[in-house]
Amino acid sequence: MNTLVLIPGMNTLKTSVFAGDRQLLGCSRAIKDYRHTADIQTTFTNILGALGETSRATYGIDYFEVCAIDIPYGGEIFSRPVPVSEDVLERLRGLIDQSPLYIPVILSLIDACRRVLHDSEIVLIFETAFFTKLPPREYMYALPPSVMKTLKIRRFGYHGSFHEAVVAGCRYAGKGTIKSHKLLSVCLEPQPEVAAIIGVKPVMVTSGVSPLEGLPGQTTCGELDPSIVLRLADELGWGPEQINLTLTTQSGLKGLTGKNVTLSDIFSSDASPEYALTRDLIRYQLLQAAGSGMAAMGDIDEICFSGRHAALGEQLAPWLVERLTFKGTNRTRPISWSIYTASHERIIANTAHVMLIQKKMKCRAC
Amino acid sequence: MNILIFNCGSSSLKYKIIRMPDQEEVAGGEAQRIGPKTAEPSRLVYRIAGKQHSVQVDMTDHYEAFQRVIEHLVEHDLTPELVAHRMVHGGTLFNQPLILTDHIIADLETIQDLAPIHNPPALALIKACRQLQPDLPQAVVFDTAYHATIPPYAYTYALPAALREKLGIRKFGFHGTSHWYVAGEAARLLRIPFDELNAVSCHLGSGGASLCAIIRGKSVDNTMGYSPLQGLMMSTRCGDLDPAVVMTLLAEHTGDSDAVQNTLNKKSGVLGMSGMSADIRDILNARSADGDMTSTALITSRVYTWRIRKYLGSYLAVVREPHAIIFTDTIGESVPEVRREVCMNLETFGVRLDPERNLEPAALPRDVAAPDGRVRIFVIATNEELAIAQQAYSLMKSAA
């Protein structure tokens with residue numbers, strides 16, 4: 001199955017092509033500032049056209065059976081991957097007010113795909129879908145219900161595809177029965193996220209209404225006293241746009257170090273001593289998230305690291321396991337840990353494949 | 001020595017006289033409705049020798065309130081030898097209790113905005129004391145001081161350094177006096193030196209609430225942060241909230257940060273979620289016609305206890321080898337259902353609550369952990385005024 005994967009981020013559009021399991025590296029692109037254009041439809045059309053030509057010329061691929069689009073936000077409406085249809089598009093349009101920066105761009109991208117990729121099944125994969133299953137005690141905030149309802153405020157996670165892939169990996173490896181396996185899934189992407197998952201159900205996640213809450217990211221602030229936001233408005237006269245710019249692009253690792261650094265830079269063996277506070281802070285917040293997750297589940301069987309910086313699990317896991325192993329308990333097996341190395345693109349491609357296979361099987365059954 | 005402890009609100013003044021070193025409370029009371037006229041007149045409500053009295057008396061400001069309190073204490077032969085003030089926020093300037101001098105009072109002026117509701121009345125009272133009783137020594141004890149030992153990786157927010165420095169943004173932590181006091185009591189119950197105690201202290205009040213992680217007697221983290229708004233779900237405060245939500249609320253209120261502050265501080269939490277009461281005890285008792293908990297009450301109570309439980313897990317991991325969990329203040333001391341929901345199924349941390357002990361209406365302090373649980377679970381009555389008296393007395397002795 002030839003699969004085109006599209007991952008539209010805030011600033012960068014990533015494209016990948018898979019022939020079956022094999023990623024065709026000649027077609028991998030990271031197109032920066034793709035939104036900064038007068039005519040985004042034409043931009044998308046040109047990108048898709050160029051990809052098609054490269055695939056044909058370099059790999060002899062005439063068409064893609066499936067085009068998988070990764071979508072950061074699907075609200076409560078989308079709880080699983082879906083093939084594009086008019087009904088799906090209508091429901092997506094209904095999410096514009098909740099995600100005004102993303103959804104219109106996604107709709108333009110889907111439109112371009114439908115026009116250019118006539119023969120492809122277009123599949124949408126939502127990062128929030130996995131977290132539509134969060135229990136209310138976890139997803140609700142301590143706000144008046146009228147405020148939560150009007151502004152559609154509830155907690156989601158934003159790396160659902162990673163966490164679900166890790167759960168599937170545990171199932172494949174036969175680790176415990178489905179219902180009882182207690183997994184702490186640590187996704188070390190530029191905006192890290194920790195989820196506590198029992199069986200296939202998430203019970204806790206560090207992200208919030210947006211990916212801004214929780215652990216600090218490369219440029220995002222993470223947890224913050226709500227009154228600090230109000231202080232920025234009062235004291236500095238900042239409006240929501242200015243505050244948002246600072247908290248999403250100038251904070252996190254960048255805010256702490258003053259530099260554009262990644263998690264791997266912070267934890268590398270030859271990292272600058274200047275990064276010591278940042279390293280301690282990240283490790284501390286990971287420990288807190290792990291402790292919360294352990295309390296949420298009543299235990300941890302396994303910690304699994306995924307994401308761009310998953311390899312940091314080699315350093316972090318033994319330390320976390322030691323800190324989470326308490327004396328005087330009836331623990332019979334140590335907490336195990338693992339690293340899930342699949343890239344985001346591969347996870348999206350695999351998710352699309354599984355969805356299509358299930359769809360075909362359903363059709364045959366009918 | 002009779003120490004007069006003041007706990008000052010914007011329109012009230014609570015006080016106690018504690019005789020040290022005996023630690024005996026000999027009198028206490030409250031000056032109510034200080035300031036502009038309200039529907040009811042200003043009043044001094046006080047208790048002496050176990051009896052409660054109330055007298056109507058004009059008190060247009062804290063100066064007059066202090067005058068009335070001192071006059072009435074002198075009438076009853078309870079002249080204090082030291083006055084100790086509780087101040088909520090000491091910022092980074094004040095990280096220990098102090099005997100007041102003109103210089104310190106001048107510095108206190110500079111931190112009034114850190115707690116705009118609590119600090120200014122406390123400072124007004126200090127000045128009134130200086131004017132009316134210039135020879136009476138005064139001490140000040142800060143709620144934030146115990147948390148001065150929180151390490152940088154725990155108190156730093158991941159914001160640009162220039163912004164943090166310009167606005168003094170960092171985690172401060174609150175309820176320090178209470179956490180310090182009950183930690184001391186826990187060490188006494190365990191028969192270990194205070195500087196060997198590892199614990200998680202849960203100050204769950206009918207108003208504010210916070211957890212404190214304690215390693216070798218020192219605070220290393222607190223769930224409240226830059227302000228008392230962060231952390232747990234409280235009676236009317238939202239606790240932790242995605243910054244994106246605050247920005248959305250600001251936009252919804254066209255930049256009116258006071259309106260947003262009001263929603264998050266006064267209209268959220270238990271009151272906001274339940275729509276019926278700010279007191280979790282009322283929520284736990286809310287029943288529909290069929291005798292079951294109402295659905296609103298159920299979800300409110302679940303969110304409330306779930307947040308405490310997650311923070312307890314995170315702080316147990318931080319503390320690493322805890323001797324004890326401590327429950328204190330109104331809800332922590334008197335609501336066993338909350339303790340049960342927070343502590344159940346935490347055997348992996350070495351925590352085992354004894355359900356029967358937890359329900360016993362026995363005197364405090366007591367241990368509600370299962371005998372074979374590694375971590376003790378203490379229920380200890382907090383006494384912030386006594387804690388203030390202890391610190392002030394210790395200061396006077398050192399000064400002498």
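This is a predicted model: local features need pLDDT of at least 70, side-chain atom pairs count only at pLDDT 80 or more; totals for chains, interfaces and linings use all residues.
Trainee: Why is the pair of F172(B) and Y226(B) called tilted?

Mentor: The ring centres of F172(B) and Y226(B) lie 6.2 Å apart and the planes meet at 40 degrees; since centres within 6.5 Å make a pair, while planes under 30 degrees count as stacked and over 60 as edge-to-face, the pair is therefore tilted.

Trainee: What makes this pair one that ties together parts that are apart in sequence?

Mentor: F172(B) belongs to the loop between α5 (161–167) and α6 (176–190) of chain B, whereas Y226(B) belongs to the loop between β11 (218–222) and α7 (243–252) of chain B, so the pair ties together parts that are 54 residues apart in sequence.

Trainee: Why is the pair of F130(A) and F131(A) called edge-to-face?

Mentor: For F130(A) and F131(A) the distance is 5.2 Å centre to centre and the angle between the planes is 75 degrees; because the limit for edge-to-face is over 60, the pair takes that name.

Trainee: How do you know whether F130(A) is buried or exposed?

Mentor: Its relative accessibility is 2%, and because buried means under 20%, F130(A) counts as buried.

Trainee: What makes R137(A) a charge over the ring of W306(B)?

Mentor: R137(A) lies over the face of W306(B), at 3.8 Å from the ring centre, and the distance cut-off is within 6 Å; the charged end of R283(A), sitting over the ring of W319(A), is 5.6 Å from its centre.

Notes
Residues are numbered from 1 along each chain as its sequence is written. Chains are lettered from A and ligands numbered from 1 in the order in which they are written. Side-chain values use heavy atoms; hydrogens and water are left out. Rings of Phe, Tyr and Trp (its six-membered ring) pair if their centres lie within 6.5 Å; planes under 30 degrees apart count as stacked, over 60 as edge-to-face and the rest as tilted. Buried means under 20% relative accessible area, exposed over 50%, partly exposed in between (1.4 Å probe, protein chains only). Helices (H or I, at least four residues) and strands (E, at least two) are DSSP runs, numbered from the N terminus. A charge sits over a ring if NZ of Lys or CZ of Arg is within 6 Å of the ring centre and within 35 degrees of the ring normal.
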